[in-house]
Amino acid sequence: MSSQIPEAVAAALLKPSESIPETEISVQGPDFEKKLSLQDLLLSYERIGFQATSFGRAIDIINRMRKSRPSEEPVALNGSGEADLQLQAQTRCNIFLGFTSNLISSGLREILLYLVKHKHVSVLDFIKCLGKTYLADFHLSGADLRNRGMNRIGNLVVPNDNYCQFENWMNPILDAMLEEQKASGQVWTPSLIIHRLGKEINNEESVYYWAYKNNIPVFCPAITDGSIGDNVYFHSFRNPGLIIDIARDIRALNELSRNSKRAGMIILGGGVCKHQIANAMMVRGGADYAVYINTGQEFDGSDSGARLDETVSWGKIRPTADSIKIFADATLVLPLLVAATFAQGQ
């Protein structure tokens with residue numbers, strides 16, 4: 001019997017590798033023998049591999065968004081020859097943040113509030129101030145919850161009384177809006193409605209209060225899909241005539257995109273919020289930066305699951321853009337991502 005490995009087997013299994021350039025990054029996890037800060041740990045993700053590496057790249061891309069300024073734009077100076085921060089802000093990247101409405105019912109609401117309160121985002125694409133949402137379980141009986149007046153969102157439960165309180169709060173506002181429409185002839189848009197609700201709530205625990213306060217536009221093309229839509233429906237019987245114009249909002253969103261010197265997308269989840277922002281990027285030849293966080297897969301052809309390269313084919317992301325998709329639940333990823341980026345200060 002031969003002691004030599006068969007030549008065909010050796011050729012198949014022992015094929016030599018090409019030399020690897022020194023610039024390539026090797027896989028390496030965090031070293032817990034050392035005392036690591038949270039920031040040290042988060043920055044180590046990029047070398048772990050799989051979705052952790054996507055997370056690490058997302059940190060880098062978001063920090064690039066925050067620092068971005070067109071190379072052809074000089075640093076703006078004030079009369080004293082110092083950097084004019086207000087003028088500089090006008091040439092910085094506009095960050096378009098999109099998220100699905102279920103995330104507002106989760107603890108991500110406080111993180112979204114932080115981003116809006118501190119003006120970390122330029123555009124947003126909602127009733128927790130009026131009642132709490134509670135932790136529960138994915139496997140609770142739907143029939144039992146229905147009998148108890150409870151609504152389940154994943155493993156969260158929202159008492160239906162919250163929606164009743166919302167109706168009581170919103171009806172007088174809709175009445176006032178209708179009277180203003182009749183008096184001025186000016187119809188409402190979804191973004192104007194949300195702006196008004198942010199003003200009326202007058203509660204610092206509200207994301208939309210801070211959007212109102214900081215004059216950050218909030219676009220919601222599916223505003224009638226949910227509790228606001230229910231109240232508009234009820235109002236159409238009690239006091240008909242309110243008009244909501246979605247055409248003005250799509251023009252406003254597209255123009256914000258077109259006039260952005262730099263534009264970045266951070267999109268949590270899929271569906272309308274993802275597609276509307278990405279679609280708005282087409283009018284400027286695509287976004288310069290993009291971070292997607294969702295669990296969607298592309299095999300069904302949905303926009304929610306589309307990979308970044310498909311988005312590039314439509315002109316929604318520039319071929320030269322810094323972009324990444326993290327395949328994960330946003331409630332797992334966003335707190336860590338904000339901790340590693342926006343929460344680190346300027």
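How many residues does helix H11 have, and what distance does it reach from its first C-alpha to its last?

Guide: The model is a predicted one. In it, helix H11 covers residues 246-258, which amounts to 13 residues. From its first C-alpha to its last, H11 reaches 18 Å, close to the 18 Å expected at 1.5 Å a residue. The buried residues of H11 are Asp249, Leu253, Asn254 and Ser257. Viewed down the axis of H11, these buried residues fall within an arc of 125°, so they line one face of the helix. The cover over them includes two strands, E1 (93-99) and E2 (123-124), together with two helices, H8 (190-201) and H12 (272-281). At the N-terminal end, H11 is capped by Asp245: a side-chain oxygen of Asp245 lies 2.9 Å from the backbone nitrogen of Ala247.

Elsewhere in the model there is an open sheet of three strands, in the order E3-E5-E4 and with antiparallel pairing. Strands E3 (134-135) and E4 (150-153) stand at its edges, each with a single partner strand, so one side of each is left without a neighbour in the sheet. E4 is joined to strand E5 (residues 156-159) by four bridges, and the two run antiparallel. Val158 in E5 is the bridge partner of Asn151. Helix H7 (residues 160-184) packs on this sheet and touches both E4 and E5; the direction of H7 makes about 45° with that of E5.

Key:
Residues are numbered from 1 along each chain as its sequence is written. This is a predicted model: local features need pLDDT of at least 70, side-chain atom pairs count only at pLDDT 80 or more; totals for chains, interfaces and linings use all residues. Side-chain values use heavy atoms; hydrogens and water are left out. The expected span of a helix is 1.5 Å times one less than its number of residues. Buried means under 20% relative accessible area, exposed over 50%, partly exposed in between (1.4 Å probe, protein chains only). The arc is that of the directions from the helix axis to the C-beta atoms. Contact means heavy atoms within 4.5 Å. A polar contact is a pair of N or O atoms within 3.5 Å; within protein, one must be able to donate a hydrogen and the other to accept it, and residues adjacent in sequence count only if both atoms are side-chain atoms. Two strands pair if DSSP finds at least two bridges between them. Axes are lines fitted to C-alpha atoms, for helices over the stretch in contact, and angles run from 0 to 180 degrees between N-to-C directions.
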